[in-house]
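Trainee: I would like to go through this model residue by residue. Shall we start?

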Amino acid sequence: EGLSLDNLRNHHNVFISSDFRTDCLYAGNISEKEATFFFQRAHDIIFEAKKRFKESTIRSTYLPGPFERKLNTGEEIHLHFQSQNKEEQNGCVLMTFQSGTPSFKGGLLSTQESLVQSAAVRTLCHMLREPLFNTLRTQEQLGYIVSSYYDRSVSHHPLTDCYAESSVVNGATPIDSIVVNVLSKKVPPPVLTDRIDKFLDTFREKLSNLPDEELRHHTDSLSKKLLKPKRALGEEVQLQLTKITDYAPEILARGKSPSELPWNSSKDLANAIVNLKRVDLINAWDNVVAGKQRSRIVSHVYGSTFPLNKLDSNDFEARYRNKSVINLKSLEGVAQKRENLMQYSAENSRLESKFNPFLRRKLFAAVGLVGSTLLVYTLFRKNDDKTAKNR
């Protein structure tokens, strides 16, 4: 409602005068001639309009998407913000566990470790959803919304070990995350975090004692879900275009054939899931959720029932005194912390395991100077849940 015609004109001017690139993938009932004509006509319209504006003299390296920050190993970041809606009574906790092992790309682009870890993380999310809801929503009645889900984001970055015609090649590193979300006006957000943690503490034992039949039920069910054909052509096209945009530069720069793009990564994941062993799930749980090396960010949003400014500061500090928790309560704090986090890439994940903490902090400070879009409640971008699940 706040948009004006001048806002739209200004946005149009910025868009047309900026450097940009157009990617297009056609599929379905259309001929090559028709597709080429349509694309060329749309391309001409855009660039004819662009001629009316002075082209920028500064050209930056094209990246097909934003990059993500890698949370420090073993570090907890807790964000605390008051809801901007003064009438909102509920508070909310969004808890994200970021895997330190890059997600599985597919084919020759990923390691066996990434394949097993991604398969295990997806399966854990499948197993976690129902007991989490039953405990926190049905039994403890903490709030109306209690959910958990698998999330997959992608960090775009230059490949430092790959060059094409003396130019830097753009790469993409996918990231697995386990997310828990609870909305409640029954208790303050920090208490919600405590309740979630208590449940997660008991889940490992349940995982260890889960009957083999139930374990196989989860893996078989998830595997079949991944192998289901896409029901809409648009969904299939978007999936394939994303793979081309993310992985084609690396595939071609390494001298591989386009046929080696990970078209069948879902089949690889489905096969890995049905072959998971209990120890794979426990190891993934310890690496991502329960171990001392986990990386987690928890966003607390406060409603009018338990406002942030009424939170007891003594209780607040005592709650985290013996934990490796960084509490941030301002956008300036979020921005400063974000600048000191390393860009998430497969290479940086390997580097982090080799550097001692002192050297790693210096490396974070140096690499973190590269800027990207700042999000309010998270330090790394979350892709659309539906798109993430289909990749």
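Trainee: Does Gln141 count as buried, partly exposed or exposed, and what is its relative accessibility?

Mentor: First, the ground rules: this is a predicted model, where local features need pLDDT of at least 70, side-chain atom pairs count only at pLDDT 80 or more, and totals for chains, interfaces and linings use all residues. Residues are numbered from 1 along each chain as its sequence is written, and side-chain values use heavy atoms, with hydrogens and water left out. Buried means under 20% relative accessible area, exposed over 50%, and partly exposed in between, with a 1.4 Å probe and protein chains only. By that rule Gln141 is exposed, at 52%.

Trainee: Which loop holds Gln141, and what is its phi?

Mentor: Helices (H or I, at least four residues) and strands (E, at least two) are DSSP runs, numbered from the N terminus. Gln141 sits in the loop between α3 and β4. It is not a glycine, yet its phi is positive, at about 50 degrees.

Trainee: Glu140 forms a salt bridge with which residue?

Mentor: A salt bridge needs a side-chain nitrogen of Lys or Arg within 4 Å of a carboxyl oxygen of Asp or Glu. Here the closest N and O atoms are 3.1 Å apart. Glu140 is in the loop between α3 and β4 and its partner is in helix α4, so the pair ties together parts 55 residues apart in sequence. Glu140 is partly exposed at 29%, and the partner is Arg195.

Trainee: How many salt bridges does the structure hold, and which residues are joined into one network?

Mentor: The structure holds 9 salt bridges. Glu140 and Arg195 make one of them. Bridges that share partners join a network of Glu76, Asp197, Arg294 and Arg296.

Trainee: How many residues apart are Glu75 and Lys337?

Mentor: Their side chains meet in a salt bridge at 3.0 Å, N to O. Glu75 lies in the loop between β1 (69-70) and β2 (76-82), and Lys337 in helix α10 (residues 331-339). Glu75 is buried, at 14% relative accessible area, and Lys337 is buried with 14%. The pair links distant parts of the chain, 262 residues apart.

Trainee: Which residue meets Glu250 in a salt bridge?

Mentor: The N to O distance is 3.1 Å. Glu250 lies in helix α6 (residues 233-253) and its partner in the loop between β3 and α3, so the pair ties together parts 145 residues apart in sequence.

Trainee: The side chain of Ser265 makes a polar contact with the side chain of which residue?

Mentor: Ser265 lies in helix α7 (residues 265-274) and is buried, at 5% relative accessibility. Contact means heavy atoms within 4.5 Å; leaving out residues up to four places away in sequence, Ser265 touches Phe104, Lys105, Gly106 and Lys243. A polar contact is a pair of N or O atoms within 3.5 Å; within protein, one must be able to donate a hydrogen and the other to accept it, and residues adjacent in sequence count only if both atoms are side-chain atoms. At 3.1 Å, the polar partner is Lys243.

Trainee: How far apart in space are Lys185 and Gly303, C-alpha to C-alpha?

Mentor: Lys185 is in the loop between β5 and α4 and is partly exposed, at 48%. Its side chain makes a polar contact with the side chain of Gln89 at 3.2 Å. Lys185 and Gly303 are 118 residues apart in sequence, but in space the C-alpha to C-alpha distance is 7.6 Å.
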